[in-house]
Amino acid sequence: MSGLCMASKLLDAGIADFTVFEKADDIGGTWRDNTYPGLTCDIPSRYYTYSFHPNPEWTRLNPPGPEILTYLRRVADERGLRRFIRFGTDVTCAEYREGRWYLTTADGEQAFDVLVTATGILRVPRLPSITGLDAFEGPVFHSSQWDHSIPLPDKRIGVIGTGSTGVQITAALGGRVRGLSVFQRTPQWVCPWPNMSYSRPARALMRRWPALTSPGYWFWGWFVRFGFGRGPIQPGFQRRLFSALCRWNLRLSVRDRELRRKLTPKDLPMCKRMIFAGHYFQSVQKPGVDVVTELIEHVEPRGVRTADGALHELDVLVLATGFDARAYVRPMNVIGRAGLRLDEVWADGPVAYRSVAVPGFPNMFMLMGPHSPVGNQSLVPIAEDQADYALWWIRRIAEGEVVEAEPTETATKSYNEDMKAAMPQTIWVSGCSSWYLGKDGLPELFPWVPERHAELLATPDPRDFEVRASQV
Ligand code: N01
């Protein structure tokens, strides 16, 4: 999604001398790799759309995963982006030397003036270290590597994990398979969210006049920024409202006290990523669905053995256990000025200047870099703001005005100190464990309202950069 955004913006700016490297054989990133049952984005579809490429075709308020992939493919086709993409090409190393970035692929080395990374966030599956996983007789796969060759209705399926992914899988499969055991280590708050449809006539009108999609873009943008955008980062009305919705949802949806007790989190709503789902609690109460809260002891050939000694017999085991959120551009080996390795710079955790650049790595810009506001904003406008920021520098480099630019250590340090100081008021530090938290126990997120991120990137401040200008 970010790479296509950058490519579109470069073309719109009249810059066509660029190459996009894609490891896979098709576009789509997250929405190509994740194909699990129930896959849906928790951001309203109108606001999960590039501002420069409206989509009249969304069928629902929240977009089903396959529709997002279709949209991204259409953007790539309609904007002629595919001819710039080298598919099936894994960049293993990016090294800055003699004023250029040298990218290594299986085809050799190629030099570029600017490097933009658009490698996503939740891309590297986190596999649990559970004893005996290899010994399980049936298929075992991570949620992002769904095995569609297995017919599900006659199977007993185990789902490990109850994050956004596990909840969506459970909501989709509950009552539709022979048995479903949901292994819940920590209960999650679930915000009720009716995923309404856009009617055929409405879609036909928007197809005829794409400008009719604009009010939806602005309304849902406002809704996300002023609701979900503020709730986690500051006390106030939004936090109270989402908390109440989550608590009411559980109370009204689950009448059985014992089950409700099992499903009641100890942490505060929104401390972990808040889950938006319409049917999760209904699904776990369907016949054949079992919420297992005993800790997993080990896996054996016929199923999962829990700490109470029970064997949960299964045919298929799904690992909805999340992703390594700290990978960012890695495992690509990124080497900056004078042999400086990004791995070393990030040894204590990823840091960046305003989420987009790192001292010592000139002419490198990141999309979805460290501390992007991914916990309280739609990823599409984040990518657009970051791509615009990169483009500001790229134009100057292309025009010969700037030869080399990198953020200063001082500006980066001061920005990161400000962020750390703002973290304590966020709900993310209120005492839960989540993929948001870094090595130092602080969230690797943006602790302010999403508009601030947009403002920080809207007007690049060259005083925060070491700039080598052209001699001419
Ligand atoms: O991953 P997660 P996810 N034994 O890390 C459990 C986005 N997303 O793929 O909480 C047992 O949130 C772990 O338990 P615990 C969204 O940003 C969005 O679900 O650590 N359990 C947890 O329950 C989201 O936040 C959408 O105790 C183990 C689960 O696995 C992010 O992706 C849809 C375990 C991991 O939850 C990640 O979501 C899907 C073990 N050894 C994803 N190890 C939408 O747009 C881990 N767990 C709706």
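## Domains

Domain bounds here come from an automatic or database domain assignment. The protein chain is divided into domain 1 (2–124 + 329–435 + 455–469) and domain 2 (133–196 + 228–319). The model is predicted: local features need pLDDT of at least 70, side-chain atom pairs count only at pLDDT 80 or more, and totals for chains, interfaces and linings use all residues. Residues are numbered from 1 along each chain as its sequence is written, and side-chain values use heavy atoms, with hydrogens and water left out.

The centres of domain 1 and domain 2, taken over C-alpha atoms, are 31 Å apart. In domain 1, 27 residues are in contact with 30 residues of domain 2. Contact means heavy atoms within 4.5 Å.

## The ligand and its shell

The ligand is surrounded by 23 residues. The closest are Asp42, Thr165, Thr186, Lys272 and Trp435. Both domain 1 and domain 2 supply at least three residues to this shell. Helix 4 (residues 164–173) gives the most, with 3 residues. Helices (H or I, at least four residues) and strands (E, at least two) are DSSP runs, numbered from the N terminus.

A polar side-chain atom of lysine 272 lies 2.6 Å from one. For aspartate 42, a backbone N or O atom lies 2.7 Å from a ligand oxygen. For serine 164, the distance from a backbone N or O atom is 3.1 Å. The ligand taken alone exposes 920 Å², and the protein buries 86% of that. These areas come from the Shrake-Rupley method with a 1.4 Å probe.

## The loop between strands 16 and 17

Arginine 330 sits in the loop between strand 16 (316–319) and strand 17 (333–335). Proline 331 is in that loop too. A cis peptide bond joins the two residues, with omega about 15°. Most peptide bonds are trans. Arginine 330 is buried, at 17% relative accessible area. Buried means under 20%, exposed over 50%, and partly exposed in between (1.4 Å probe, protein chains only). Leaving aside neighbours within four places in sequence, arginine 330 is in contact with Arg123, Asp343, Trp346 and Pro350.

## Two positive phi angles

Most residues other than glycine have a negative phi. Tyrosine 328, in the loop between strand 16 and strand 17, has a positive phi of about 45°. Alanine 338 has a positive phi near 55°. Alanine 338 lies between strand 17 and helix 10 (342–345), in a loop. Tyrosine 328 is buried, at 5% relative accessible area, whereas alanine 338 is exposed, at 81%.

Terms used:
A residue is near a molecule or strand if one of its heavy atoms lies within 4 Å of it. A polar contact is a pair of N or O atoms within 3.5 Å; within protein, one must be able to donate a hydrogen and the other to accept it, and residues adjacent in sequence count only if both atoms are side-chain atoms.
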